[in-house]
Each structure stands twice: as C-alpha cells, then as structure tokens.
Amino acid sequence: MISVPKYVFLLSDSLGETVTRVARAATTQFDKNEEIVLSNHFNIQDTHRIDEVIAEARQVDCCLMYTMVEKELHRHLCNAITEAGLPGYDIMEPALSMISHLLGHEPSYRPGLTHQLDASYFERIEAIEFAVKYDDGKFPQGFLLADIILLGVSRTSKTPLSMYLANRGYKVANLPLIGGTVIPPEIEQAPRERIIGLSIDAEILIQVRQERLRDLHLPADAIYAQRSHIENELLQAQQLFERLGCKVIDVSYKAIEETASRVIAHISASKPI
C-alpha cells in the first residue's frame, strides 16, 4: 500500500528557525514509517505571499505551524487559515501571551530577534575558537586578525583573560614575553590601539611563579622565580610597551573581570565614532 505523505507547512516572517526546531522535535515523536514532509515558507513579507501558501496548503493533507510576529501579517494569516478550514498552530502566541500577562505589558513584536541572539551566540563561539587557536603566539598571523592583542610575561593571566574576553565576543591573540623573545613582525604591523601590555608587581609575580613551581613539583629556587630574572623580564616588557606606545594595564591584585573591564573600556574608546 502506497503511503500518502502528510505535510506540515512551516511559515515565518523571519528565518523560520524557531518553528523549524519545534516541528522537527515534534515529528521525531512519530513512527518513522509515516511520511511527514516539512514544507518551508520563510521570510514572508506580504499578505499576497500568505495567500499563495494557503492556496498550496489546501491542495494537500496538511497542518500549518507558524511564527508570524508582524501584527498585520499575523492577523491576515490567522484569518486565511480559518477561512480555509485548515488546522494551524501559532508557536509563539501562547508563550508571548503568558509572559505579557506576567510582565504587564505587550512584547515588541519585532521579527528576527531570535536569530539575532543566535548570531551573538555563534560570534562568541567563533571568538573562543580564535582565542584557543592563537593562544601563546602559536600562529603570528592571528595578531593581524585579532580585535585585542595581549602581551605580557609568564603568569600575567594572558590565557584566562583571553578566554574571558572571547566569551564577550572579542577575538583575542596573546604573546608571552620571555627573555630574548623576538617580537613577530605582525605585532609591529598591528594597530597600536589593539595592543594591551600586561604589567605586574615583581613581588606578586615571584609568589605566583613559586606557587606554580610547587604545583609542578619543581625547585622553588629555579631561575623562573628568581627576583633578578623576573625584574629583568619586567624591565624588557616595559621597554617593549614604551616602544610600541601601547596601552598598559597593571594586573596586580586585580581579578580577571576587572582587567577585562579595563581592556574593553580602552578598546571601545579607541573605536572611531
């Protein structure tokens, strides 16, 4: 016996992401042998297009699911579905009505806001992947692609700061400044306002590095944590910052969040109006 397909018409005045997800989640709860066809009709901008879709829907065995936020299009679609005698379900209206009652005011009724949130999410994911890829100066070309470039000696929280900023959507590359480090030419070519030098008090850095050596079960008097070595590293870093003319932020006694706030304030102020 030949199976007659059942159609679920999906309509939206935006990208249709919400109604598609709900429809797919719902259809997976039914026998896979039943042929269900999702018929997509998205970015609907006028009533004429709605009438075309309704006419098409009347020719098959179907139901309609929709997210139509624009008020006039929503009203026209609801009337058209009723007149055609078709089963239809508004994905958004029950939730909007309940939250509107809770808050005591109407929603904004602007199409595409869900997509905007999704875009923001994917921008953060992209920034996190960028921070991982260009951590510790692995690939110098990243300095020319980054929104923010962090420079600092070891244990100035470059990587944690990079990840925190990435979660705010900034693409961050960082470079550890080790004695005798040759600065990649990409640093010299990068816009100065994007470069942030991280400084730290020598006494604090000695303590931080000694703790790090203990964690690694290494001698606490290793050159890595010796005062003369650290003071020389910090001096070289300061000289580099002065030569580059970049912004310098002292991370001594500061939480990652506070340092990040200062970085963002600097970057925001540096953007052309």
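Student: Leaving aside neighbours within four places in sequence, which residues is isoleucine 187 in contact with?

Tutor: This is a predicted model, in which local features need pLDDT of at least 70, side-chain atom pairs count only at pLDDT 80 or more, and totals for chains, interfaces and linings use all residues. Residues are numbered from 1 along each chain as its sequence is written, and side-chain values use heavy atoms, with hydrogens and water left out. Contact means heavy atoms within 4.5 Å; isoleucine 187 meets this with Phe143, Ile149, Leu151, Leu175, Arg192, Ile195 and Leu244, neighbours within four places in sequence being left aside.

Student: What makes a set of residues a nonpolar core?

Tutor: Its members are buried (under 20% relative accessible area, 1.4 Å probe, protein chains only) and are Ala, Val, Leu, Ile, Met, Phe, Trp, Tyr or Cys residues joined through side-chain atoms within 4.5 Å. The largest such core has 40 residues, and Ile148, Leu151, Leu165, Leu177 and Ile187 have the most contacts inside it. Helix 9 gives the most to this core, with six residues; helices are DSSP runs of H or I with at least four residues, strands are runs of E with at least two, and both are numbered from the N terminus.

Student: How do you know that strand 5 and strand 6 pair?

Tutor: Pairing requires that DSSP find at least two bridges between two strands. Five bridges join strand 5 to strand 6, so the two parallel strands qualify as a pair. One of the residues concerned is isoleucine 148, whose bridge partner in strand 6 is valine 172.

Student: Why is one side of strand 6 left without a neighbour in the sheet?

Tutor: The open sheet has the order 6-5-7-8. Strand 6 and strand 8 stand at its edges, each with a single partner strand, so one side of each has no neighbour there.

Methods:
Buried < 20%, exposed > 50% of the residue type's maximum accessible area, 1.4 Å probe, protein only.
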